[in-house]
There are 2 protein chains.
Amino acid sequence: MELTPEYFMKQALRQAEQAFAEDEVPIGAVIVANNQIIGKGYNQVEKLNDPTAHAEMLAITASSSYLSSKYLNECELYVTIEPCVMCYGAIKNARIGKLIIGCLEPKHGFSNFVQDSDKIDVSHGVLKEESKILMQTFFERKR
Amino acid sequence: MELTPEYFMKQALRQAEQAFAEDEVPIGAVIVANNQIIGKGYNQVEKLNDPTAHAEMLAITASSSYLSSKYLNECELYVTIEPCVMCYGAIKNARIGKLIIGCLEPKHGFSNFVQDSDKIDVSHGVLKEESKILMQTFFERKR
């Protein structure tokens, strides 16, 4: 059975919820190959004291390790919030073919900074509200 | 005694030479705080099968761990070759104040892709030839 984008984004949301539970900015990601999740990650910047420990980065490292390959050409990355410049660069470096974003991030999202003519298939809006509400709730609590 | 930019770039070059010795694209980086190296890294993409394992990323992770801080505001990053988009994003995320590049990389370097009005102090040309020759020698051997 072909699983839907909503199914995979829901798994990314579960990762984001895990981040939320650990008092991290709630962003989650999963990487899919052949209709199967091969790597996942949630933001762990605070816990690891590491500005590179974004959900996407951890998911890419996990997936490359799983496939024993530095390239993830045939893979899709699902992430709840639009990636930052660092994560976009990592997605390009890993040659991930398809990026599916839950909710756009007009301020810190990569598209605010990167001019790139290369073909990477980007879509957004899958379970957008769920991702957005999780972020809003997190930052409202912080205030 | 105040150590010179050439001194620190030489240490980054030693990291790059280590990458070369391990058959990795020879790029190295060191991070300096208060005239002292607090983290270093060399490219380990092949060995780790990890597209995120660039010299700068490993140096940032090491330095954040050393300082127990996700921000490296007062730090300088020395890198032998112009960072890619991913590494540039990481440098921004870590709030590194100063970036010193050995040799520019017109094709894959971040400045070819990123439009960013934020102030990050970037300079280049320190031991440029040494960094360039190391890269050229590596790729000539690969052919």
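This is a predicted model: local features need pLDDT of at least 70, side-chain atom pairs count only at pLDDT 80 or more; totals for chains, interfaces and linings use all residues.
Local features were kept at pLDDT of at least 70 and side-chain atom pairs at pLDDT 80 or more, while totals for chains, interfaces and linings use all residues. Residues are numbered from 1 along each chain as its sequence is written, chains are lettered from A in the order in which they are written, and side-chain values use heavy atoms, with hydrogens and water left out.

To start with the meeting place, 28 residues of chain A and 28 residues of chain B are in contact, contact being heavy atoms within 4.5 Å. Together the chains bury about 2100 Å², with 60% of that on carbon and sulfur atoms; buried area is the accessible area (1.4 Å probe) that two parts lose on being put together, summed over both. On the chain B side, B:Asn49, B:Pro51 and B:Lys70 supply 27% of the area buried against chain A, more than any other three residues.

Ten residue pairs are in polar contact between the two chains, both residues at pLDDT 80 or more. Such a contact is a pair of N or O atoms within 3.5 Å; within protein, one must be able to donate a hydrogen and the other to accept it, and residues adjacent in sequence count only if both atoms are side-chain atoms.

Then come the salt bridges, each a side-chain nitrogen of Lys or Arg within 4 Å of a carboxyl oxygen of Asp or Glu. The structure holds six of them over all chains, and two cross the interface of chain B and chain A. B:Lys70 pairs with A:Glu46, the closest N and O atoms being 2.4 Å apart. A:Lys70 meets B:Glu46, also with 2.4 Å from N to O. A:Lys70 sits in the loop between helix H3 (55-67) and strand E3 (76-81) of chain A, and B:Glu46 in helix H2 of chain B, so this pair joins two chains. Helices (H or I, at least four residues) and strands (E, at least two) are DSSP runs, numbered from the N terminus.

Other bridges stay inside one chain. A:Lys142 and A:Asp23 meet at 3.2 Å, N to O. A:Lys142 lies in helix H5 (residues 128-142) and A:Asp23 in the loop between helix H1 (5-21) and strand E1 (28-33) of chain A, so the bridge ties together parts 119 residues apart in sequence. A:Lys142 is partly exposed at 47% relative accessibility, and A:Asp23 is partly exposed at 45%; buried means under 20% relative accessible area, exposed over 50%, and partly exposed in between (1.4 Å probe, protein chains only).
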